[in-house]
Amino acid sequence: MDLKRTPHLKEGRQVAAVSRVLNNYVKRNPFIGYVQGFNFVVEFLFRALAGKEEDTFWLFVAVVEEYMPLDYYSSLVGVLADVKTFQLMLQVSLPLLHRHFRQAELDISIFLIPWFLCVFTQTRLPPPVLHLV
């Protein structure tokens, strides 16, 4: 678990709490285990819930096991399907931008995969724009 790269985790108590949430989740669901990016999601939830560790754990469980498709994190099939869907939507909705990316040989999945894995918790978009996502 890469807690050293997790922003906003400065105090030892916060690092320990997020680490416990992640370790307990791995024990709860060894099928999925730990996926890179979970640290960002748990840290975001921990801050949003004012440092309530148990609430953070159960909300994280709900996000991963209830709100996300079963294969979203286990095989990343769901993440890759979301990337493909986003690319198709971009092609239809913003064809000039899509063409620009293709001409520049820019593979936007390099941005999309981390966004989807982290459930947009690491997105630096302004709040009004993030609300639309």
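Modeller: A residue is called buried when its relative accessible area is under 20%, exposed when this is over 50%, and partly exposed in between. The model discussed here is a predicted one.

Colleague: Is phenylalanine 38 buried or exposed, and at what relative accessibility?

Modeller: The cut-off for a buried residue is under 20%. Phenylalanine 38 falls below that cut-off, so phenylalanine 38 counts as buried, at a relative accessibility of 1%.

Colleague: What share of the residues in the protein is buried?

Modeller: The protein has 133 residues. With the cut-off of under 20% relative accessible area, the buried share comes to 35%.

Colleague: What secondary structure does the protein have?

Modeller: Zero strands are found in the protein. Read along the sequence, the pattern is α-α-α-α-α-α-α-α. The secondary structure therefore consists of what the assignment by DSSP runs leaves, namely eight helices.

Colleague: What does the C-alpha trace span along its principal axes?

Modeller: The accessible surface of the protein is about 8,600 Å², and carbon and sulfur atoms hold 62% of this surface. For the C-alpha trace, the span along the principal axes is about 50 × 30 × 25 Å.

Colleague: How far apart do the centres of the positive and negative side chains lie?

Modeller: The protein carries 13 positive and 12 negative side chains. The centres of these two sets are separated by 5 Å.

Colleague: What percentage of the contacts with a separation of 6 or more comes from residues 24 or more positions apart?

Modeller: A contact here requires heavy atoms within 4.5 Å. Among contacts in the protein with a separation of 6 or more, residues 24 or more positions apart account for 57%.

Colleague: Which helices do the buried residues of helix 7 pack against?

Modeller: Helix 7 covers residues 109-117, and its buried residues are Ser109, Leu112, Phe116 and Leu117. They lie on the same side of helix 7, because the arc they cover around the axis is only 120°. The buried residues of helix 7 pack against helix 2 (38-48), helix 4 (71-74) and helix 5 (77-93).

Colleague: Which residues does serine 109 contact, leaving aside its neighbours within four places in sequence?

Modeller: Serine 109 is placed in helix 7. Its relative accessible area is 14%, which makes serine 109 buried. Leaving aside neighbours within four places in sequence, serine 109 is in contact with Val83, Gln87 and Pro114.

Colleague: Which kind of aromatic pair do tyrosine 25 and phenylalanine 60 form?

Modeller: The structure holds ten aromatic pairs. In the pair of tyrosine 25 and phenylalanine 60, the ring centres are 5.1 Å apart and the planes stand at 80°. Planes over 60 degrees apart count as edge-to-face, so the pair of tyrosine 25 and phenylalanine 60 is edge-to-face.

Colleague: How many residues apart are tyrosine 25 and phenylalanine 60?

Modeller: Both tyrosine 25 and phenylalanine 60 are buried. Tyrosine 25 belongs to helix 1 (residues 12-28) and phenylalanine 60 to helix 3, so the pair links distant parts of the chain, with a separation of 35 residues.

Colleague: What is the angle between the planes of phenylalanine 38 and tyrosine 73?

Modeller: Phenylalanine 38 is in helix 2 and tyrosine 73 in helix 4, 35 residues apart. Tyrosine 73 is buried, with a relative accessible area of 4%. The two rings form an edge-to-face pair at 4.8 Å centre to centre, and the angle between the planes is 75°.

Colleague: Which residues do ring pairs link into a cluster?

Modeller: Rings pair if their centres lie within 6.5 Å. Pairs of this kind join the following residues into a cluster: Tyr25, Tyr34, Phe38, Phe60, Tyr72 and Tyr73.

Colleague: What positive phi does alanine 50 have?

Modeller: Alanine 50 is located in the loop between helix 2 and helix 3 (53-67). With a relative accessible area of 65%, alanine 50 is exposed. Alanine 50 is not a glycine, yet its phi is positive, at about 55°.

Colleague: What phi does valine 119 take?

Modeller: Valine 119 sits in the loop between helix 7 and helix 8 (127-132). Its relative accessibility of 31% makes valine 119 partly exposed. Just after helix 7, valine 119 takes a positive phi of about 50°.

Colleague: How far apart in space are lysine 52 and alanine 17, C-alpha to C-alpha?

Modeller: Lysine 52 lies in the loop between helix 2 and helix 3, and at 49% relative accessibility lysine 52 counts as partly exposed. In sequence, lysine 52 and alanine 17 are 35 residues apart. In space, C-alpha to C-alpha, the distance is 9.0 Å.

Terms used:
Residues are numbered from 1 along each chain as its sequence is written. This is a predicted model: local features need pLDDT of at least 70, side-chain atom pairs count only at pLDDT 80 or more; totals for chains, interfaces and linings use all residues. Side-chain values use heavy atoms; hydrogens and water are left out. Helices (H or I, at least four residues) and strands (E, at least two) are DSSP runs, numbered from the N terminus. Buried means under 20% relative accessible area, exposed over 50%, partly exposed in between (1.4 Å probe, protein chains only). Accessible areas come from the Shrake-Rupley method with a 1.4 Å probe; for residues, only the protein chains shown count as cover. Lys and Arg count as positive and Asp and Glu as negative; His and the chain ends are not counted. The place of a charge is taken as NZ of Lys, CZ of Arg, CG of Asp or CD of Glu. The arc is that of the directions from the helix axis to the C-beta atoms. Rings of Phe, Tyr and Trp (its six-membered ring) pair if their centres lie within 6.5 Å; planes under 30 degrees apart count as stacked, over 60 as edge-to-face and the rest as tilted.
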